[in-house]
Amino acid sequence: MRQRWETYLPKLSAAARALGLQPIPSVYEEVDRETLHELAAYGIPGVHGHWLYGRAYWQHESAHDRGLETIYELVCHLEPAVTYLLADNRWEEQLFVLAHVQGHLDFFGRNHLMRQQNPHMHSVMAAASERWHGYAAAFGAEAVEAVMDVGFMFLSHVNPHAGHKRPAETPTHAVVEELMRPRGRFDDLLDLGRPATKTDGRVVQGRVEVHRGDALALPKEAAALERWLAEQEAQGVGEEDVLYVLAHATSPPLPEWKRDILIGMRELALYFLPQRRTKLLDEGWASYWEGQLLDALELPEEAHLISAEMHSRIAGTPSAGGRLNVYWLGCELFRHLERQGRDVFEIAAVEDDQSFLRTWLDEDFVRRHRVLAEAVYGDEGKRLFQDPTAPTKKPWEVWRDRLAESFAVAPALPVRVHENTRGRFVLHTVDGQVPDDVYARRVLGGLRRLFDDDRDVVLRWGEGRGEELRA
Amino acid sequence: MYKAEVDKARYRERLREAILARLPEVVLAPGFLLAPDADAPIRIRVPDLEMPFLRPARAGDGTGGRGQGGGGRPGDEAGEAVEVLVPRSEIEALLFEALALPRLEPKSHEEVATGEKHRGTVRRGPMPRLDRRRTMVEMLKAGVLSEDTLRFRDRRPVRTRVAKAVVVLVRDSSGSMAAEERRFLVRVATYWTVRWLRRTYEHVELRFVIHSVEAEEVDEERFFTRHLNGGTHISSGLLLAEEILRGYPADIWNAYLLAFSDSENFDADTPRVLATLERLLGGLAFAGYGHVNAGNGGQGFLRQLEHLAARYDHFRVGRIVRREDVGPWLQHMFGGEVA
């Protein structure tokens with residue numbers, strides 16, 4: 001039977017287009033609560049099971065049971081998009097959710113990051129899951145789980161550009177590149193400012209001459225140096241995307257089935273990366289438009305009341321459960337920009353959460369919403385306009401930058417592949433940050449089980465002897 | 001079945017294993033006693049449950065990452081434990097499952113009116129209760145609509161069997177039982193006993209008795225904190241319990257008795273204790289005794305109780321000497337074939 005909310009879909013689309021939105025096509029499906037919780041746990045259909053998803057599902061369930069959380073919808077950016085709606089919503093609620101969803105559907109097609117999502121990821125994952133079931137039959141479910149574990153451990157380290165660019169610079173690379181740099185007549189003048197501790201030398205007639213600081217056992221022939229550099233690149237040395245290196249550059253390569261699992265998990269993480277980077281924009285954009293869309297429809301008064309009530313419940317307050325409410329912040333910031341005559345469509349297209357805040361959160365907005373700072377930062381927020389501690393930046397600017405920084409999507413502890421040979425796999429923390437001992441040991445243990453051979457698996461954070469952990 | 005249910009089952013299995021591995025600690029988690037009735041999640045340390053990832057050492061954590069086997073936090077020998085928040089009900093379910101405590105079969109029930117429901121029809125009744133469909137059927141049968149064809153929904157009270165339990169807790173509060181640790185052990189053992197009984201009985205009533213040579217009934221707060229001067233006549237507590245239980249007819253109430261003492265009873269009183277116990281056991285669903293004494297005292301008394309326990313399936317005697325004994329004590333008390 002045709003649901004009442006369905007009759008409003010064409011009108012809603014027309015209203016969206018009239019306002020300048022271009023929602024991508026979507027199918028709409030009503031599902032029960034369990035199914036919605038399940039989809040929320042996995043993110044998209046088709047994903048291979050793991051107990052971590054089971055925990056997420058259980059957390060959704062118990063948060064719902066204790067009245068802490070209600071999931072109204074889930075929109076998957078696929079082709080066509082799939083919008084899952086909760087079946088036991090009243091039609092007025094459903095209509096409100098649909099208006100909200102139009103914002104998401106527009107955002108999927110508009111934002112430069114979201115446009116990079118592979119819209120067939122559910123098929124990719126379903127096909128992968130079928131293969132992985134085969135591996136489980138052949139090698140045991142535990143073995144598949146152990147490889148997936150490693151995938152989860154390094155999920156936040158994925159980088160879409162891995163393998164397509166020069167490896168990020170390690171200290172060794174910096175030295176080598178310095179050595180390989182062609183020299184001109186006035187270089188000695190340019191070198192005057194360089195710190196004396198750095199390895200110093202040059203390539204003279206095909207040979208590497210190192211003058212000082214030769215701590216690195218580098219090849220002495222320039223040609224060998226080139227080969228060495230190419231080798232390092234092939235081994236993924238300097239790469240921060242550990243899953244990429246594990247899947248593509250270990251020597252000898254991991255068994256095909258392990259590589260397949262790691263590649264699949266990396267693909268999935270890359271798929272979700274744009275969403276993680278645009279949570280504020282996406283929810284803000286949808287909350288910004290939902291009311292305008294419903295206003296354009298001719299609705300019974302009751303429906304308007306319900307949607308206003310839902311909007312204020314979801315996007316009405318700066319903090320939700322003691323945390324910053326991204327629905328509110330995104331929506332209010334778009335409204336603020338609209339009042340200033342900015343092109344909000346352009347902003348939604350080109351920004352991510354971090355750049356959105358850093359570029360567009362201005363003093364006026366912060367003053368207008370002191371409550372935001374106070375809600376999120378308590379007493380510290382109250383001092384926002386008095387505290388003279390930062391001489392070069394105004395306090396609100398410091399605060400803005402910190403807020404933007406909190407939206408950065410980055411691994412908790414970035415690492416680089418430092419060595420990747422037959423006998424050794426060494427990770428080095430970026431900037432020499434000290435890792436948490438307990439977790440690091442377990443991560444190394446995961447790598448150890450993955451390699452399943454006698455190579456050294458090491459995590460280093462300095463050059464000294466005590467500054468490393470081994471599995 | 002949903003895929004997520006399979007994964008959830010797998011997660012719960014891991015959680016169960018983790019909790020099982022830490023059972024003695026979990027039973028003693030302070031969260032339980034601090035807020036006995038809240039359903040706030042309990043923080044417990046379990047091994048290997050969170051998916052680890054690389055993260056910076058916590059600020060101020062000097063030991064974080066001192067490598068080559070030198071690391072780890074104090075008191076964390078395994079180096080593999082993490083803290084998780086688990087809802088209390090979840091832990092309890094897993095815990096009772098892990099202790100393999102049998103489901104209790106209440107012997108006595110009370111019939112309580114819990115509401116009304118419609119069942120069948122009657123010929124007289126108020127118009128709002130008119131059963132249109134049945135009336136229509138009757139009308140068609142009779143060929144005419146008359147008073148006789150009217151049918152009304154009948155409302156009848158629904159009686160539900162409610163299982164009720166009364167638990168009399170008897171604590172020896174003589175001078176020797178005043179030590180903080182002993183009171184803590186009694187408290188933990190009591191907490192879990194009551195939680196477990198509440199899983200079976202819709203209604204659990206608690207009565208508290210403390211005694212030295214004489215007994216008095218107290219409230220819950222005093223039960224755990226008060227001490228009395230003088231020696232120990234356990235019989236005084238049991239006699240008062242007997243008195244209290246007279247107010248709970250056996251056809252309605254399932255009666256439980258739990259006594260805690262260091263067993264350093266006056267020798268002259270012991271025969272009276274045994275006699276009273278034997279008398280009580282006739283009417284009790286279960287009686288349990290917790291020997292809370294790390295020293296050598298009271299062994300004679302304890303042995304006599306154990307002799308008695310050997311003859312009654314629903315009387316158990318166990319020792320709670322150290323903190324880790326609480327879990328096994330519970331298991332010993334309620335495990336096995338007790339119905």
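Figure 1. The contact draws 46 residues from chain A and 39 residues from chain B, where contact means heavy atoms within 4.5 Å.

A word on the model before zooming in: it is predicted, so local features need pLDDT of at least 70 and side-chain atom pairs count only at pLDDT 80 or more, while totals for chains, interfaces and linings use all residues. Residues are numbered from 1 along each chain as its sequence is written, chains are lettered from A and ligands numbered from 1 in the order in which they are written, and side-chain values use heavy atoms, with hydrogens and water left out.

**Figure 2. Chain A in outline.** Chain A holds 22 helices and 11 strands; these are DSSP runs numbered from the N terminus, helices being H or I of at least four residues and strands E of at least two. Of the 471 residues in chain A, 51% are buried, that is, under 20% relative accessible area, with exposed meaning over 50% and partly exposed in between (1.4 Å probe, protein chains only). Among contacts in chain A with a separation of 6 or more, 70% come from residues 24 or more positions apart.

Figure 3. Four strands of chain A line up in the order 8-9-10-11, with mixed pairing; two strands pair if DSSP finds at least two bridges between them. Strand 8 (415–420) and strand 11 (468–470) of chain A are the edge strands, each pairing on one side only. On average, neighbouring strands of this sheet are turned by 20° against each other, direction ignored. Helix 22 (residues 437–451) of chain A packs on the sheet, where it touches strand 9, strand 10 (456–460) and strand 11 of chain A, and its direction makes about 150° with that of strand 10 of chain A. Axes are lines fitted to C-alpha atoms, for helices over the stretch in contact, and angles run from 0 to 180 degrees between N-to-C directions. Strand 8 and strand 9 (residues 424–429) of chain A run antiparallel and are joined by 5 bridges. Arg416(A) has His428(A) in strand 9 of chain A as its bridge partner.

**Figure 4. The buried side of helix 17 in chain A.** Asp353(A), Phe356(A), Leu357(A) and Trp360(A) are buried in helix 17 (residues 353–360) of chain A. Because they cover an arc of only 100° around the axis, they sit on the same side of helix 17 of chain A; the arc is that of the directions from the helix axis to the C-beta atoms. The buried residues of helix 17 of chain A pack against several helices of chain A, including helix 12 (256–277) and helix 21 (395–406).

Figure 5. Leu19(A) lies in the loop between helix 2 (9–18) and strand 1 (26–31) of chain A. Its relative accessibility of 30% makes Leu19(A) partly exposed. Leu19(A) and Gln292(A) are 273 residues apart in sequence, yet 8.5 Å apart in space, C-alpha to C-alpha.
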